[in-house]
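Please keep the sequence and the structure in view while reading.

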Amino acid sequence: MKFDNAILEKVPGEVVSALIDENRYDINLTMLKRIVKFLNPKLAAGVESRPYSSLNELACDSILQNIRSHIPEFVNGIIAQGSMNDFEDDVADLLERTIDNAMLYDIVLSHETVCFEDILSCCGDLASDRKDAVQMLWSTLLKKEKIYLSWKNIYKYREQFEFDKGLLEYIENHSGMLKGQSTESLDDDFIGDFIASEVDDRVLGELLPDLRMQNFDVPISTLSESRVLQLILCNFIPFTAQRYEEMQECCPNLCELFVLRNQRAFREHINDISLTPQLMESLALSEESENETKIEVINTYGAESMTQRVAERLCATRFDISPKVFDAAWNVLDNRKQEELMFMYLAILDDKSLSSCFSDLGGDYADFIDRSSRHKVELKYSDNNWRLAQRL
């Protein structure tokens, strides 16, 4: 016989004690409230809002043993009947006792208001021996937002179960709230694995500014081009000659951006890398290139890889270039542009170079070719011709 609605006030104490000790009561809210009130009236008021914690505070072994032997009845009959506010440790105990029954712990998490500050406090000691079960439980904790949002908890989850689908979805759904949070708990292994994970590119780009690796060692060849783009935009990849060569092999379309985002380091390594003529031209003409970068690029690669567009830019902009670069530019221009180039760089041209220029230009400049004897030459007045006369 079991009682489901017994009024205990006028029942002799020894009878109530026997009812409790022999489990002669149904596990429902009415009976639990009356039993707790009989044993400790101060705890009775808490039974409706935190039933499991109240029973633990009551510390009646026979009642606890009965409840723990009938967890499904307790969860369905008590916990599922409202919004519960049991203490964190008690909810963790309930979850551990229901860990093999996802339907039960789903009910617990749906009705308990708890939010664990430390994810390890919820069955963390079972993560090694009961890995699959704990992974399912923790995934549910994330979905139901029952874990305090922090990089520290994310780190602990990943430490046990890598970046599984549940964790990545959790990060993606909370990326805005993670921005600006402390990342002191994160090491290079975590950040490297995060970069290599399947997290959405947009989310990665949003969170990368808060993450920094002491030693970036993620192989670029293992990443998608869109992922590498996010890393470059966040200045995440240190510029070295080896990194540039790797970039050139795996993501050639991103080489220009990689250089532009790391111009000082690029100039330091410019003699250790190779640029295609197309990239040389792009860097020399780009509005994002610093003048120092343009000069280094033109002087390092211009003699061998001069293009018409770069040569035309030299006609309009005075850079500190070498005679070899001047000769390379001269050779790809027509006479009109050659004249402009000559006047732009009069200061670096010696007598031999000037004679060569006059020879190629001919026309009004033909009389200047012979520099072996003194003779008169007439030129129309212009600012450029006046500068040329002073130079000669």
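This is a predicted model: local features need pLDDT of at least 70, side-chain atom pairs count only at pLDDT 80 or more; totals for chains, interfaces and linings use all residues.

At what angle do the axes of helix α8 and helix α9 cross? The axes of α8 (residues 102-111) and α9 (residues 131-143) cross at roughly 30 degrees and come within 11 Å.

- The crossing in which α8 passes α9 is right-handed.
- On the α8 side, the residues that meet α9 are Ala102, Tyr105, Asp106 and Leu109. Their partners in α9 are Met136, Leu137, Thr140 and Leu141.
- Sorted by class, the contact of α8 with α9 consists of 6 nonpolar residues, 1 polar residue and 1 charged residue.

**The pair α19 and α21**

- Helix α19 (residues 277-285) packs with helix α21 (residues 308-316) at an angle of about 25 degrees, and their axes are 9 Å apart.
- This angle too is under the 35 degrees limit, and α19 and α21 are therefore roughly parallel to each other.
- The crossing of α19 and α21 is left-handed.
- Met280, Glu281, Ala284 and Leu285 of α19 make the contact with Arg309, Val310 and Arg313 of α21.
- By class, the contact of α19 with α21 has 4 nonpolar and 3 charged residues, with no polar residue.

- Helix α4 (residues 51-58) is mostly covered, since 6 of its 8 residues are buried.
- The buried residues of α4 are Pro51, Tyr52, Ser53, Ser54, Leu55 and Leu58.
- Which helices do the buried residues of α4 pack against? They pack against α2 (29-39), α3 (41-44), α5 (61-69), α6 (71-77) and α7 (88-97).
- Just after α4, alanine 59 adopts a positive phi of about 60 degrees.

**Aromatic rings**

- In the whole structure, a search finds 20 aromatic pairs.
- One of these pairs joins tyrosine 157 and phenylalanine 161 in an edge-to-face arrangement, with 5.6 Å from centre to centre and 70 degrees between the planes.
- Tyrosine 157 and phenylalanine 161 lie 4 residues apart in helix α10 (residues 151-161), so about one helical turn separates them. Both tyrosine 157 and phenylalanine 161 are buried.
- Phenylalanine 190 and phenylalanine 194 form a stacked pair, because their ring planes are at 20 degrees and their centres are 6.4 Å apart.
- Because phenylalanine 190 and phenylalanine 194 are 4 residues apart in helix α13, they too are separated by about one helical turn. Both phenylalanine 190 and phenylalanine 194 are buried.
- An α-helix has 3.6 residues a turn, so residues three or four places apart point the same way.
- Phe190 and Phe194 belong to one aromatic cluster together with Trp151, Tyr155 and Phe163.

**Serine 197 in a loop**

- Serine 197 is placed in the loop between α13 (188-196) and α14 (201-207).
- Is serine 197 buried or exposed? Its relative accessibility is 13%, and buried means under 20%, so serine 197 counts as buried.
- Leaving aside residues up to four places away in sequence, serine 197 touches Phe163, Leu168 and Arg227. Of these contacts, Phe163 is also a member of the aromatic cluster.

Key: Residues are numbered from 1 along each chain as its sequence is written. Side-chain values use heavy atoms; hydrogens and water are left out. Buried means under 20% relative accessible area, exposed over 50%, partly exposed in between (1.4 Å probe, protein chains only). Helices (H or I, at least four residues) and strands (E, at least two) are DSSP runs, numbered from the N terminus. Contact means heavy atoms within 4.5 Å. Axes are lines fitted to C-alpha atoms, for helices over the stretch in contact, and angles run from 0 to 180 degrees between N-to-C directions. A crossing is left-handed if the near helix is turned anticlockwise from the far one by less than a right angle, and right-handed if clockwise. Ala, Val, Leu, Ile, Met, Phe, Trp, Tyr, Cys and Pro count as nonpolar, Asp, Glu, Lys and Arg as charged, and the others, Gly among them, as polar. Angles under 35 degrees count as roughly parallel, over 145 as roughly antiparallel, 65 to 115 as roughly perpendicular and the rest as oblique. Rings of Phe, Tyr and Trp (its six-membered ring) pair if their centres lie within 6.5 Å; planes under 30 degrees apart count as stacked, over 60 as edge-to-face and the rest as tilted.
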